[in-house]
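Student: I would like to go through the terms used for this structure. Please set each value against its definition.

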Amino acid sequence: MSAADRPLLEVEGLVKRFPIERGVFRRPAGWVRAVDGVSFEVRRGETLCLVGESGSGKTTLGRVILRLLEPTAGDVRLDGESILRAAGRRLRRLRRDMQVVFQDPYGSLNPRMTAGAAVAEGLVAAGVRSRREREERAAAMLRRVGLDPAGTLGRYPHELSGGQRQRVAIARALVLRPRFVVCDEPVSSLDLSVQAQILNLLLELKAQEGYTYLFITHDMSVVRHVADRVAVMYLGRIVEIGPAAEVLAAPHHPYTRALLEAAPATHPRDRGRRKPLEGEVPSPASPPPGCRFHTRCPLVMDRCRSEEPPAKPVGPGHVSWCFLEPPAAPVTAGTAGTSGTTRGTAREAR
Ligand code: SF4
């Protein structure tokens, strides 16, 4: 495989467990399996949406990928280079190539730092010595994210609106032109009216600069807006992954279907059909045996309670971890006799 064909990010068998400690001596009493053996790839220039309810492990997964948390096991490679084994100068270079936009810009921006200083901070760390160059690059980046540098550079976070703060946070993340960006619920703390503006800005920047995004969200309307591919996460594992158009139009896993049915309707015709997801996500300290979704699945079968479903290719590049058979595809002149059209890529997920 040539370097250009290789996925930009490869996540392999990633595990993150947190100890549960009890008593004054903080004796280990078990483990929370926040991320439990996850593998997938992110291709160059694509947006992969990682979607799931709160407690599914998606934010922990994002943080382990960025090495803000150390993993328990597994590997993460950026352009073939292991992030988890890197140290010193190599790690600093890889960190520059991987940036993050957090959910809450108010919490992620230093309240004592002006917008200009926040954006220029990364340039200092990257060794840009000239103050003038840093200021010029910070001003140009603020312009790129739709802010007027003259009115923004000297302002503190509390002097900006929520949407402006998130634009500053995006400018700060992108000023070093990273190769890979984790967007962790970047619009969920913003007013509805501002959310679409920020999503469109991220899409515009991606189209212009070719950024690769891992987009973490609980919101299916965000997935519809930005995703090229979708990975659905439940209780520390990926349960379905595939092209966004296919997963959204023909979800296979009952959990994906439940998430879609619980999402607010995008068409007036569908208002009132919304079906809230029932039950709670079980504790990741003691996940259910067999299929982890079996305690909430409306289609549960006996074997689901004891056997773990293997990866099942259910469409081109579309894989689901569920025992159910995919619905038979309608036979048309173009597809008759071409069983290869349902070839999946089981190796790219879990
Ligand atoms: Fe439901 Fe069984 Fe499929 Fe799990 S494997 S999602 S319990 S049908």
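Predicted model: local features only at pLDDT ≥ 70, side-chain atom pairs only at ≥ 80, totals over all residues.

Tutor: Residues are numbered from 1 along each chain as its sequence is written, and side-chain values use heavy atoms, leaving out hydrogens and water.

Student: Why is Glu53 called buried?

Tutor: Its relative accessible area is 18%. Buried means under 20%, exposed over 50%, partly exposed in between (1.4 Å probe, protein chains only). So Glu53 counts as buried.

Student: What makes the pair Glu53 and Arg296 a polar contact?

Tutor: Their side chains lie 2.9 Å apart. A polar contact is a pair of N or O atoms within 3.5 Å; within protein, one must be able to donate a hydrogen and the other to accept it, and residues adjacent in sequence count only if both atoms are side-chain atoms. Asp219 and Ser221 also have a side-chain polar contact, at 2.6 Å.

Student: How do you know that Asp219 has no salt bridge?

Tutor: The nearest side chain of opposite charge, Arg224, is 7.9 Å away. A salt bridge needs a side-chain nitrogen of Lys or Arg within 4 Å of a carboxyl oxygen of Asp or Glu.

Student: Which residues of helix 5 are buried?

Tutor: Arg134, Ala138, Ala139, Met141 and Leu142. The face turned away carries the exposed Arg132 and Arg143.

Technical notes:
Lys, Arg positive; Asp, Glu negative; His and termini not counted. Helix = DSSP H or I, 4+ residues; strand = E, 2+ residues; numbered from the N terminus.
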